[in-house]
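Reader: I would like to go through this structure with you, one point at a time. Shall we begin?

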Amino acid sequence: IQEASNSFKEHEVSVSFKVSPAECIPVGDHSTQLVLVGRALHYFDQKTFFKEVDRMLVLLHQQFKSIKW
């Protein structure tokens, strides 16, 4: 996480990295523009995870609710 964070600092962009359970991510409602998942999605409680993603995404979050996961 620290290495990834440092690599973005070189480019002066606002990016933060967090480590948490996928089903309970510590960010505010509608405060996130991008959610990245490596090769771990099959380990998650996917229904709960995608509800969490809907909660986190900014402004356009209503459009994503129409997608059937």
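Author: One term comes first: buried means under 20% relative accessible area, exposed over 50%, and partly exposed in between. Note too that this is a predicted model.

Reader: Is Arg55 buried, exposed or partly exposed?

Author: The cut-offs are 20% and 50%. Arg55 has a relative accessibility of 22%, so Arg55 counts as partly exposed.

Reader: In the protein, where is confidence highest, and where is confidence lowest?

Author: The protein averages a pLDDT of 80, and 84% of the residues score at least 70. Where pLDDT is low, the predicted coordinates should not be read in detail. The lowest mean, 52, belongs to helix α3, residues 61–64. The highest, at 92, belongs to α2.

Reader: How many salt bridges are there?

Author: Side chains of opposite charge can pair when their charged atoms come close. Arg55 pairs with Asp29, with the closest N and O atoms 2.7 Å apart. Glu52 pairs with Arg55, with the closest N and O atoms 2.8 Å apart. The count comes to two.

Reader: Arg55 forms a salt bridge with Asp29. How many residues apart are the two?

Author: The salt bridge between Arg55 and Asp29 links distant parts of the chain. Arg55 is in helix α2, residues 46–56, while Asp29 is in the loop between α1 (2–9) and α2. The separation is 26 residues.

Reader: Is Glu52 buried or exposed?

Author: Buried requires under 20% relative accessible area. Glu52 is at 11%, so Glu52 is buried.

Reader: Which residues make up the largest nonpolar core?

Author: In soluble globular proteins, nonpolar side chains tend to be buried together. The largest core here has seven residues in all. They are Ala22, Ile25, Phe49, Phe50, Val53, Met56 and Leu57.

Reader: Which residues does Met56 touch, not counting those up to four places away in sequence?

Author: Met56 is one of the residues of the largest nonpolar core. With residues up to four places away left out, Met56 touches Ile25, Val27, Gly28, Asp29, His30, Ser31, Thr32 and Val35.

Reader: How far apart are Val27 and Arg55 in space, C-alpha to C-alpha?

Author: Val27 sits in the loop between α1 and α2. Its contacts beyond four places in sequence are Lys18, Thr32, Arg55 and Met56. Val27 and Arg55 are 28 residues apart in sequence; in space, C-alpha to C-alpha, they are 9.4 Å apart.

Reader: How many aromatic pairs does the structure hold, and is the pair of Phe44 and Phe49 stacked, edge-to-face or tilted?

Author: The structure holds two aromatic pairs. For Phe44 and Phe49, the ring centres are 5.1 Å apart and the planes are at 50°, so the pair is tilted.

Reader: Which residues form one aromatic cluster?

Author: Phe49 is buried, with a relative accessible area of 4%. Phe49 belongs to one aromatic cluster, whose residues are Phe44, Phe49 and Phe50.

How values were computed:
Residues are numbered from 1 along each chain as its sequence is written. Side-chain values use heavy atoms; hydrogens and water are left out. A nonpolar core is a set of buried Ala, Val, Leu, Ile, Met, Phe, Trp, Tyr and Cys residues joined through side-chain atoms within 4.5 Å. Buried means under 20% relative accessible area, exposed over 50%, partly exposed in between (1.4 Å probe, protein chains only). Contact means heavy atoms within 4.5 Å. A salt bridge is a side-chain nitrogen of Lys or Arg within 4 Å of a carboxyl oxygen of Asp or Glu. Helices (H or I, at least four residues) and strands (E, at least two) are DSSP runs, numbered from the N terminus. Rings of Phe, Tyr and Trp (its six-membered ring) pair if their centres lie within 6.5 Å; planes under 30 degrees apart count as stacked, over 60 as edge-to-face and the rest as tilted. pLDDT is the predictor's confidence in each residue, from 0 to 100.
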